[in-house]
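Hi everyone, thanks for making time this morning. I'd like to walk you through one model, residue by residue and then helix by helix. Please have a look at it first.

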Amino acid sequence: MKRSYLNYPLGGLEVETEVAVLGAGAGGCAVACALAERGIEVHLFEEGQHWRGKDFKPSNTWAFKNLYQDRGARVAIGSGWLPVNGGRGVGGSTLINSAISFKTPGPIVEDWRKLGFDPDGDFLGLVDRVWRDIGVIQNPEGVQGRNNLLFKQGAEALDMGGAYLHRSAPGCTGCGICQLGCPSGGKNSADRTFLARALSLGGVTVNADCRAEEVESSGGRITAVVGSILDPDSQERLSSFRVRADRFVLSAGPIGSPRFLMRNGLEPNEHVGQHLHLHPAIGCYALFDEEVLHWHGVSQGYFVDRWSEGWLLQTATITPDNQFLAMPLPVGPELNEVMAKMRYLGAAGAIIHDEDSVGSVGSHTLSFELGDGDRQLLLKGMREVARVWFAAGAHTVISSVVGGGLIKSPDEIDRVIALDTPYDRLLAVASHPMGTCRMGDDPALSVVDPRGRVHGVDNLYIADASVFPSSLGVNPQVTVMAIGLMVGRGV
């Protein structure tokens, strides 16, 4: 791929535009589209690269280096350590997610509206537009893979009422490596949808390998943003850029956006970086007599809706090398036995709302204290996954309780996955950070107003999941894009 930085002047890049968007993930791409549709000139600045489908490689090492925040090593510290995935590059986390699409739950929208959210009353219409524009479908059975079909079989045997997940991947071929970048182009990531439309309308420029760092301001307004042009391989600073604009939209994500405000003294109050919500998730695996090859087929294709109880059950696909690392078994005979039968292993898990946990983002810290209620939700969800696997015909289940060993029958589930299991014995991960610059109509309790404008700064807006007033409880990409459209219309 041609290195984007070679197109920049050696002495640095100077830009003047109507609107500068800092970050080109789901929110930033949607903002750019909304602005372009109004004929407004836009420059996007993104720390990562601008990739094409043929550039992606089926390698975790390559993906962690090029497509993940902190090279896949980002961790929240608190009750224990909790890996928190996030994407990097033009397209943001939509480059590495499984394209799972949920409309914003109605009860969440109603709760947010009490805080001034959706001032024009048409947010759900924007959600419907996103649904159409990113081509959400339920992928056909032919590309689902055996892992999804077995979980479906177990859920139906228990009369759970599951369904194939809606995904923004109408061209999915079932290669099972969504988390490494979609090589077929079958996934409609933000760069291939909203950004592509914005570019087709003209007046939009993408500046990749550009990290926004500092602001210049005068009279309560930002006049310019300066930053570094990076070597995409080494991440070393090659030169600088400076952009002057009438308006600025920050879309650096729920970790990057509050840190940008802190670094530049733009915090309107103590709520910046606070109220971090995550969706903790925990896996549960199963051995069958038949081949499963769970890394083949749609990576996350089937789910059981328990949203009202605090969790969703979702199938999951990871590559065999990551599966080895995810196994909560000590190195020895049990782990060797499971790995030797990897072809017969099914994988699924539970993802929870995050209701009583407490998290925050600092200038150099990321903390998350798992609440006792959320700990029990993880365990209850894991129990339910185990029951589905046995109902599907599994002869052995492996929970994510460290030291729990192999579960040989449904009668052992509640004993191994005991509700009093402490968090330090749970091997969990998290996705979907939210809420660190929350939206609201009270300047004392929120960071941005219902139009997305940062309180106290006339021309700075935020459009990403950091403005969520609370936890969403479902995969957030559709909601983030709809907020991008909403904020983009109001800039």
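This is a predicted model: local features need pLDDT of at least 70, side-chain atom pairs count only at pLDDT 80 or more; totals for chains, interfaces and linings use all residues.

Let's start with Asn 269, which sits in the loop between helix H7 (253-263) and strand S12 (277-287). Residues are numbered from 1 along each chain as its sequence is written, and side-chain values use heavy atoms, with hydrogens and water left out.

So, is Asn 269 buried or exposed? Asn 269 is buried, at a relative accessible area of 14%. By buried I mean under 20% relative accessible area, with exposed being over 50% and partly exposed in between, using a 1.4 Å probe and protein chains only. A polar atom of the Asn 269 side chain lies 2.9 Å from the backbone nitrogen of His 271, and the side chain also reaches the backbone oxygen of Ser 446 at 2.8 Å. Not counting residues up to four places away in sequence, Asn 269 touches Pro 443, Ala 444, Ser 446 and Val 447; contact means heavy atoms within 4.5 Å.

Next, Arg 451, in the loop between strand S20 (428-434) and strand S21 (460-462). Arg 451 is partly exposed, at 37% relative accessible area. Which side chain does the side chain of Arg 451 make a polar contact with? That partner is Asp 120, at 2.8 Å. A polar contact is a pair of N or O atoms within 3.5 Å; within protein, one must be able to donate a hydrogen and the other to accept it, and residues adjacent in sequence count only if both atoms are side-chain atoms. Leaving aside neighbours within four places in sequence, the contacts of Arg 451 include Pro 119, Tyr 461 and Val 487. The C-alpha atoms of Arg 451 and Gly 116 are 9.3 Å apart, though 335 residues separate them along the chain.

Now for Leu 44, in strand S2 (residues 42-45). Leu 44 is buried, with a relative accessible area of 0%. Beyond four places in sequence, its contacts include Val 21, Ala 32, Leu 195 and Val 206.

On to the helices. In H2 (residues 60-67), the buried residues are Asn 60, Trp 62, Ala 63, Asn 66 and Leu 67. Why are they on the same side of H2? Because they cover an arc of only 155° around the axis, taken from the directions from the helix axis to the C-beta atoms. Helix H8 (320-326) is included in what covers them. At the start of H2, a side-chain oxygen of Ser 59 comes to within 3.3 Å of the backbone nitrogen of Thr 61.

Last, a helix pair. H5 (residues 145-157) and H10 (residues 372-391) pack at about 95°, with axes 7 Å apart. That makes H5 roughly perpendicular to H10, a label for angles of 65 to 115 degrees. The meeting residues include Leu 150, Phe 151 and Gly 154 in H5, and Val 385, Val 388 and Trp 389 in H10.

Thanks, everyone, and I'm happy to take questions.

Conventions. Helices (H or I, at least four residues) and strands (E, at least two) are DSSP runs, numbered from the N terminus. Axes are lines fitted to C-alpha atoms, for helices over the stretch in contact, and angles run from 0 to 180 degrees between N-to-C directions. Angles under 35 degrees count as roughly parallel, over 145 as roughly antiparallel, 65 to 115 as roughly perpendicular and the rest as oblique.
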